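Trainee: I have a model open on my screen and would like to learn how to read it. Could we go through it together?

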Amino acid sequence: MVWIYTEEIVNNNIIKILILSSVLTFGFAGDIQGKITFDGKAPKMKLLRMDADPVCVANNEVAPRKEWLILDENNGLKNVLVFVKESSTGSLAGDFNPTENPAVIDQNGCMYVPHVLGVMVGQKLDILNSDGTMHNIHALPKVNKEFNKAMPRSKKRMTVQFDKSEAPFKVKCDVHPWMGAFIGVFDHPYFAVTGDDGSYVISGLEPGVYVIEAWHEKLGSQTANVTVGDSAANFTFTKPKKPKKK
Amino acid sequence: MADNQERHYNILKLNRAFAISSLVFFAVWILVFVYDFQRPWKKYQIEFRKLEIEKIRQDLYAESAALEKNSNYNQLVEELSAAEKKLTVRQNELDEIVQQLEILDAELYKNNQLYQFAKADLDVLKYEYEKSQFGHGGSENAGEEYGGLNIHVNKYYLDVQETESRIETVKSQERKIRKYIDEAKNSLTTLTRENSLLKRRLTKVDPEAMSFANKIGNIVRDLPVIDFIDPYYEVKQVVVKGLEEDLIYMGMPKVDRCMTCHVGIDKAGFEDAPQPYKTHPKLDFIVGPSSAHPLSEFGCTSCHAGRGRGTRFYTTAHSPNDQETAHRWEKELGWEPMHYWENPMLPKRYTEAGCYKCHSGNMPLKEAETLSLGLSVFEKAGCYACHQVDRWNDLPKPGPSLYHLASKTNKDWTYKWIFEPRSFRHNTWMPHFFKKGNNSDPEDLKRTEQEVLAMTEYLFSTATPYKTANVDYAGDQEKGRVLVNSLGCKGCHQIQPEPDSEYDPSVDAIRTEQGPNLISLGSKVNRQWLLGWLKNPYSYHPDTKMPNLRLSDQEAADIAAYLLADKNKTFDQLAVPSVNESIVDRISADFLSQLLRQDQVARRLEDMEISEKLNYAGEKLIGNYGCYSCHNIAGFEGKKPIGTSLNVEGSKLISKLDFAFWHDEIPHTKWDWFYAKVDKPETFDLIPNDDGTYAVKELPSLDKSRMPHYGLTDKEIDALVTLIMGLVKDEIPESKLPEKTPAYLAVTKGERFIHTNNCLGCHKIDGEGGAIWTATAAWLGEVAGSENSEDISLVQSFSPPLLNTEGRKVQPDWLLDWFQNVSMIRPHLQVRMPSYDFTHQEWNGVIDYFQSKDGLSLTYENPHSFSQASNSYLAGQKVQEEGACINCHFYGAMKPRQDALTWAPNLVLTKERLRPDWLIEWFNNPQSVMPGTKMPAPYIPVDEPINDVIEYWGTEVATFVGDTTAMLYTLVDWMWGLEGVEDVSAIVKAHIESQGYGFITEDEDEWEDEEW
């Protein structure tokens, strides 16, 4: 492309550069990303006995196992809920309207998919029943209102929402006691759950330093101060201390 | 003659003196006004006014800012101004309309007139015409005329109607515009109501917000001399109707002026203000105008005590809560205790004492934690056994019966126990009579040892045998341990070998101390006794609070094996002194000499064998120490308790409390005296030294203070003092008391019964109780791992059920029957509802409590009727099938599909047990009835398209689409039709023995690493 340097174009470009530089100085929404790994020898997840409900057995091609510690070959830890706990010098102010898209949790093969989930205050959460058996979804929050709803096999979708932010709490099925999932409710959109390889991305943050918490259902939680745009905010979990026996 | 002008005094001098004295008089007069004008409370009101102005300004600012931000508000303002503009534009239009209306009205009148006249003419013609028709003469052409006129009349009629409709149109136009404006104005007023309210309040207190005239008035009204008319700053007071101050020989109406300085006490928003401006901390409950105890009706000193008429810090009889405050008050406010007022204000820590005079019926008292703890401790420690308080008149003795003591334990243990109970059980409620401050010197110890030996001798020689069935099972300790942890023993008992350094006494904590801490029983009781007791406690002691757990012989043997395995070696090794006859003689002589001469005493003693002497002394000592007040002891039936009655102890004059040598050490208040007395009952037998030690008064043994030492914590003593300060003789008129409706009486009576029998050790009612939950969690941890014991919903499901809404829930006749013949309801529970030997009146009291609490009265109800051919029944069948109730519930002998962990009651029982109306409430939202329950709300297709419902759920269910209640009633109908086995206990037992609960456990070997 050939540029014809008329005064106008030069001026335009100058303005563009000015705008760009000011944006760069004052803030461009950025990301925090990283990878969660597990350090140590991982236990093998136990097989779940589902024979109490034949439908559950039939809906699983592979024999289902417990899900509380899932690693990939590089020790990337799945199902860690990573979220901005508070801002150190960054900005978390402002009302965040919940996204229009509903979050989804499915009861599939008598397991919750996903196993760990973050939603926003006021965001719709679609609860699906792909199993064609009777489930009951029993949420056990401490801040939000407890609910326990039956979902017979014909009921394929149910929608709920949470009114207050709350640390991850358990959701369970009283009919199938092995079923458990965890839901964290946030009043901002800056949270993510690690994928199969243990990585996560929290995007759209104003520049600054934030306190990031990585929460795992069994391995506890860790926090770190992270600057937006830093190379990577990685966390490493290890086997928790042996609980004291009475 | 004497000179008239001659005076014996000098007029000039006199005038001068007069002038000076009148000046002085005037100055004094001015000073009196100044002094009167500067009353100390005024500065508080002036200061508070500043605070109030600032507060309202802030609120107003915030409110206005919020309004400005409120998009709704801005929109409304715009709309309103637009509408008003429209109205001005339309005003002409409207005027025109009004004019039109006038014209139309006139036109209407005219047309109406014409119409009426025409109608009259027509009638005449009609008559003429009809007459001509029948040949009675009349006009020839009447017919024609009539026809013509008729058309005319119809036309007028139409004209009238048209005019009317035109008027209606115009009027409706006008109405529309006005309505629009009104609506806009209304919604704006709603939004700005708070704002204008604040503004109005501000114009009352803030001179800056006042009109000019008010500003002047504001200054003038508080000027000296004229400030009697309508001052802003004034003594504020509440006359409490019906209550009187007791001035010993007379009563005076209660008048409280506290709010003269505590200006903010009834105003929300001053919670963080300094005293005396603070808002009352429980405004919604007390003081607030819409609360149960509004300031205008109850005043302040009716609860807090103090001298309500006072308007100075000293004259109101304030009481500091601690020494530090006292010193500060002395320095800053010139405070000193006001000795001339018998009822000084209760210090903050004892404030709840004020609740008792009106609410002595409840247990616990809402919002009165300390007082409730006091009631709980008073009852648990058995204070009522020695000190009569009417509330506890009907209770049995607090300690165990000693009628058959010899069958339960041995003499050595008994001696050591009486001498020092806490050396055996660190947290026992049995108090220490010995080794106290007034009986611990070597001589005293020697004597008291012999006293205890004598009492032991008496108890054993009078004991009658306790016959038990011979149970000859070998017990299994380990099984016994599991049983103790799971059957429910721990709702009332602890097993706590060492003192808990973090023990925090509370009503709930004391619930787990209903029965003794079950440690070291191997050092105490014999096996045969324990087996008999476990199998049926009432057979040993008919008045015991320990219920019957319907243990099998094997279970009893297992539990006994477990409990007896624990021994206290240190205690076992304690030595028991041998009998010292000379001391026993002295003890006996002390008692004998109360009746006999010295020589007679000596002779009597010579005639007595040593065992006789021991028995004699033992009996006298038991009477002297009052052991029989708490325990059933042979020979003491019907004896009056030994302590002073405490019924009106809080009203006792302080002059009746003997501070002995402790005037300088113990502050001169009733509560400090009571504290010292409860904390260390022998205090007043002692003489304090300057270095903190003390000497003991010279007293004959029988004159020493006998009140024993309970080893209570400060918190418990404070709670007891709160209660004692609440035991007053104030006469309260009925109008101030809670209304004694039958429901109120049933609820309060039930609350006390439930407390005394510790129902809340196991059950939770409306969030209160459930002391056993920690034990359930421990048991779960043991059988299913820490993961499950931390799951509070699981802990709840394995604990005794919540009793929320119990009155609405169950059929009363079923409940009475069940109480008397307990059977299995929740098949997964290990914990067992015990069998109590309450009379049916007592059970009825419990049922009445549940029903009254839930707003029901004891009435007969028609049985629920249904038909198995009805749509409702058939629909119910489909709803239960889809809801898969069988997953967790038994259908008669049909086992639930899921593991025992999820099990729930047999639905065959429902029709006899539950009330249909409650079932609907329950189905609608189980979590709101029983928070945390595992029961899900059954799914019913009320909101789904009818065709989908017909296709999937069938036509019967479809009949009920749109009506939630009717749809839920289908389940009731279905359950009422369910027949089958009621008692599934055998099936349950077999299943759990063979397959367990199916807990999802985390096994130790899940981490391959062995350390885990």
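The dialogue below goes from whole chains to strands, helices and the contact.

Mentor: Happy to! Keep in mind that this is a predicted model. Let us begin with the make-up of each chain.

Trainee: How many helices and strands are there in chain A?

Mentor: Chain A has two helices and 16 strands. Chain B, in turn, comes to 41 helices and eight strands.

Trainee: What radius of gyration does chain B have, and what would a compact globule have?

Mentor: A compact globule of 1012 residues would come near 31 Å, while chain B has 43 Å.

Trainee: Now the strands. How do I read the faces of a strand?

Mentor: Here is the general idea: in a regular strand, side chains alternate between the two faces of the sheet. For a case, look at β6 of chain A, residues 125-129. Its covered face holds A:Leu125, A:Ile127 and A:Asn129. A:Asp126 and A:Leu128 are on the uncovered face.

Trainee: Which strands pair with β6(A), and in what sense?

Mentor: Strand β3 of chain A, residues 103-108, pairs with β6(A) in the parallel sense over five bridges. Within that pairing, A:Ala103 has A:Leu125 as its bridge partner. Strand β9 of chain A, residues 157-160, pairs with β6(A) in the antiparallel sense over four bridges. There, A:Leu128 is bridged to A:Arg157.

Trainee: What is the order of the strands in the open sheet of four?

Mentor: In chain A the order is β12-β2-β14-β15, with antiparallel pairing. β12 (191-193) and β15 (220-227) stand at the edges with a single partner strand each, so one side of each is left without a neighbour in the sheet. On average, neighbouring strands of this sheet are turned by 25° against each other, direction ignored. If you zoom in on β2(A), residues 81-87, you will find three bridges joining it to β12(A). One of the bridge pairs is A:Leu81 with A:Val193.

Trainee: How do I describe two helices that cross?

Mentor: Give the distance, the angle and the handedness. In chain B, the axes of α36 (residues 916-924) and α40 (residues 964-976) come within 10 Å and cross at roughly 115°. The crossing is right-handed.

Trainee: Which residues meet there?

Mentor: From α36(B) come B:Pro916, B:Leu919, B:Ile920, B:Phe923 and B:Asn924. They meet B:Thr965, B:Leu968, B:Tyr969, B:Leu971 and B:Val972 of α40(B). By class, this contact has eight nonpolar, two polar and no charged residues.

Trainee: Last one: how do I read the place where the two chains touch?

Mentor: The size of an interface is often given as the accessible area lost when the parts come together. Here we can count residues instead: the contact takes 30 residues from chain B and 27 residues from chain A. On the chain B side, the elements that give two or more residues are α34 (871-883) and α37 (926-929). That side of chain B has 14 nonpolar, eight polar and eight charged residues.

Definitions and conventions
Residues numbered from 1 in each chain as written. Chains lettered and ligands numbered in written order. Predicted model: local features only at pLDDT ≥ 70, side-chain atom pairs only at ≥ 80, totals over all residues. Pairing = 2+ DSSP bridges. Axes fitted to C-alpha atoms, helices over the stretch in contact; angles between N-to-C directions. Contact = placed C-beta atoms within 7 Å. Nonpolar A, V, L, I, M, F, W, Y, C, P; charged D, E, K, R; others polar. Rg over C-alpha atoms; globule rule 2.2 N^0.38 Å. Left-handed = near helix turned anticlockwise from the far one by under 90°. Buried ≥ 20, exposed ≤ 12 C-beta atoms within 10 Å, placed from the backbone.
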